Each structure stands twice: as structure tokens, then as C-alpha cells.
Amino acid sequence: MSNFLKEITLLYVEDSRAIREILGKRLEKKVKKIIVAVDGEDGLEKYKEYKPDIILTDVTMPKMSGIEMSREIKEIDKDMPIIILSAHNDASYLLEAIELGISGYLLKPVDRDKMIEQLESQAKIICLDKTNKEQQLKIEEQQTILQTIINVEQNINFVTNFNQISFVNSAFLRFFNISTIAEFEDKFKTVESIFMEHEDYVHTGIIGSCNKDSDNTCFGKLLFNKIEELDETKRIVLMMDSSMEPKSFYLNISIIDESKHIYLIALTDITKMTIEKVNTEHKAYYDGLTGVFNRNKLEDFFKQELLRVKRYKHPLSVAILDIDHFKSFNDTHGHLIGDEVLIMLAQLVDGKVRSTDMFARWGGEEFVIIFVETTIDEASKTSNHIRKHIEQLEHKTAGKVTASFGVTQYKEGDTLTSLFKRCDDALYVAKDNGRNRVEIK
């Protein structure tokens, strides 16, 4: 590691005596000079007196918090490098820190090596500035921004010009269940399409449109201007995670390079704060009896997959399965027993379907499976596999349970209606041929 730290003066602000003494001794060995303050007010006074190069401060302190102290200092010198140490995993602290232009944000218990790396990074910037190496300084400032993003991994962050994404953090990859940016671009038609359309949230429909053809950079400017116009409480977007669950996020967009239309998008998960809305969405997408997805969800999923099929020419197959002699379960044993049979079958099939596919209750005793990137032969084979598992079901009162399947594959020009018509035709053939079988059309 370089010796840039040996050239700087550090103001260290910490109200805990034990932490202050332990960390202070380590920092004293690393820097040219260390000034120690016991709270925010003391820190502000010592900043004014000593004019340090870097400030390292706790957040929660008596008399004056680290955020309040930082705000006072930034009014005096907006470029003062300040690194926050916080025991709070609270989005509000991070948002305040970002708005203040804080250089770094580390959660307690502090990883001391990361802390030293952040200090070293800031020290290097200061030293280069003192030697007028402006070009190198810009590079290091960008690295500091990215390092800060990486350190706060609970928030989703990415850099984009809305034609392509140039940087994402690990939270972004986890949320969309992908390993690379290329996977994301393959999964979504455009960057902004991740924002779901909902009247209570920001989405593409309310941003406006531009004559973009192959260039989508104008959308970033439209989005930035729209967010700036909105009240902070309205800067909320809705996104679907890899488990097809809607999640709400506070959206913050910053300009990194205006000439190149490059933006930093920061998304803070506030789902718990909007749990009532999320529950409403959840109920709208799940069948109340069986707990699997319902018709609304299946139709939305099909629309999304249809876009991918048309763009990438992937195969797509659909199966309708119907419980054999279901009416007799209800007539002989009553609707409660019929409901139990529905639940048994739904839970079994849901556990056999791939996470990338879609299984939903269509209505009554009918269920639908959408097989993503699957030919009709593969879908027929998988349907037979599921059918055999259903065949092993036995309700303690109703007895054996079986199901018939009708399977078809997407053809150019198909709609959900035309696909289902062929599935129904194949299903009727399966029923006419003795039930408990798979037919294709």
C-alpha cells in the first residue's frame, strides 16, 4: 500500500471511549497526524481549529450527530472528504449521507482493512490534488464512487445511459438472480422495462417518449427531469424480483457524465414501508384456495414471455391439465373434499415445475403450465413426468387422483387465446382416449 496516509491530517470523531482508544491508536500509526473528538460539537470545533484533510466520524453521538456535524462542515467546505461509520443499516442514514456528498459509508462493526482502504483512497486523491494531477484525480474520484456503491450492498445500484448498463453492484445481480450484465440484457428488452406499470409508482408510461430509434439516451434525461419534479414521497418504483414478487424501491438518479448521458441509479428497498400495497399486489396474483399463481399472473407472465419469444425466437410451449372425474369428487364427497384434492394436486405440480416456468390455476379444476424456451416434445415429456406423479396421489376420502394434459407450442402470430384453443382441443382428445394421458396438437 502507498504512503499517501502519511501525508494527511485526520479528524476522528467517536463518542465511545473504548472504540475511540482502540481505533485511534491504529489510525495514529497510519496518518501524519490524528485529531480526536468525543462528539459532534467537539468535532465541529476541532475541524474549524485544525482544518484536517479527512474526517472519519460516527453517526449516532450526543449533542450533535455525525450527519448534523457533516452538514455544518459541508456548508463551510463542500469538498471536505468525510467518511461515515454507522451501526445502523437504515436507508435514511444512507440517503442523507448521499445527499450531503459523503465520500464513504461503512457499517459497524467496521472492517478495519476496508476502512484503511477508504482512507488511503481519499488520501491519494488529496495528494494528487495538491500536485495538480487533475486527470488522475478524476479517475480516483470515480473509483471512490464505485467503492462506496460496493460497500453499501443492501441497496441496488447501477450505472447506465439507458442504451446499456456499464456497472452493477452485487445487490443488483442478486435481485434479478443473474450473474452478469449480459444476462440482464437478455432478460429485459430495455433498462427502464424493469419498472412495473402501476398507478401509484413511477414507470415509463408517465415519463414521456422520445424519437429514439436505436438510441435511448434521451430517456435518461426525461426520467431525471421527472424525478426532480416529483415530491420525494412520490419517487417510488415497483419491480418484480426473481421470485416474481413485487418490491417497492425509493429511486434516486444522479448525473455522472451529462455530455455522455450517463446516470447512477440508486434503489433503496422500502417494501416494508409499503407492505399494504405489496400485499394487495400479492393477492391479485395468487389463487386464494391453492396458493399457486392465478389467471391474472399467468396472463401478465405470458405477455412478458411473448415479447422475448418474438425477439429471440425461443420456443414456448403451453399445457392445460384437468383433474379427471373431478365433478364426481364434489358430487360424491362434497366441495370441501374437492377443494382438498385441488390443493393436493396444485402443491404437487408446483413443486415439479421449473422456477423459470409458470404454473397457475386457470379456474375450476383446470391448471396451466407455461414452459419457457421449451419445444412441444420437451413439454410433452415433462407433462408425462408430472402426470405420473399425480397418478400416485391418493386422497384419504376421495381416493386416487389422475389428470389429463393437452400440450401445444407457440406458432408465429399466436395469442394466448389461440394457444389455449389448441391446448383445449388436445385435452379433449386425451379425455376421449381414456383420460390420465398427455396429448399434443
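## A buried asparagine

In this predicted model, Asn155 counts as buried because its relative accessibility is 4%, where the cut-off for buried is under 20%. Asn155 belongs to the loop that runs between helix 6 (134–151) and strand 6 (156–160). Leaving aside residues up to four places away in sequence, Asn155 touches Leu94, Asn169, Ala171, Leu267, Thr268 and Asp269.

An open sheet is formed by 5 strands in the order 2-1-3-4-5, and their pairing is parallel. Strand 2 (33–37) and strand 5 (104–107) are the edge strands, each of which pairs on one side only. On average, and with direction ignored, neighbouring strands of this sheet are turned by 15 degrees against each other.

Within the sheet, strand 1 (residues 9–13) pairs with strand 2 in the parallel sense over 5 bridges, and Leu10 stands opposite Ile34 in strand 2. Helix 1 (residues 17–30) lies across strand 1, strand 2, strand 3 (54–58) and strand 4 (82–86), and runs at about 170 degrees to strand 1. Helix 2 (residues 40–50) also packs on the sheet, where it touches strand 1, strand 2 and strand 3, and its direction makes about 145 degrees with that of strand 2.

Strand 12 (residues 358–363) is mostly covered, with 5 of its 6 residues buried. Strand 12 pairs with strand 13 (residues 366–372) in the antiparallel sense over 5 bridges, and Gly363 has Glu366 in strand 13 as its bridge partner. The two strands form a hairpin with 2 residues between them, and in the turn Gly364 has a positive phi of about 55 degrees.

Notes:
Residues are numbered from 1 along each chain as its sequence is written. This is a predicted model: local features need pLDDT of at least 70, side-chain atom pairs count only at pLDDT 80 or more; totals for chains, interfaces and linings use all residues. Side-chain values use heavy atoms; hydrogens and water are left out. Buried means under 20% relative accessible area, exposed over 50%, partly exposed in between (1.4 Å probe, protein chains only). Helices (H or I, at least four residues) and strands (E, at least two) are DSSP runs, numbered from the N terminus. Two strands pair if DSSP finds at least two bridges between them. Contact means heavy atoms within 4.5 Å. Axes are lines fitted to C-alpha atoms, for helices over the stretch in contact, and angles run from 0 to 180 degrees between N-to-C directions.
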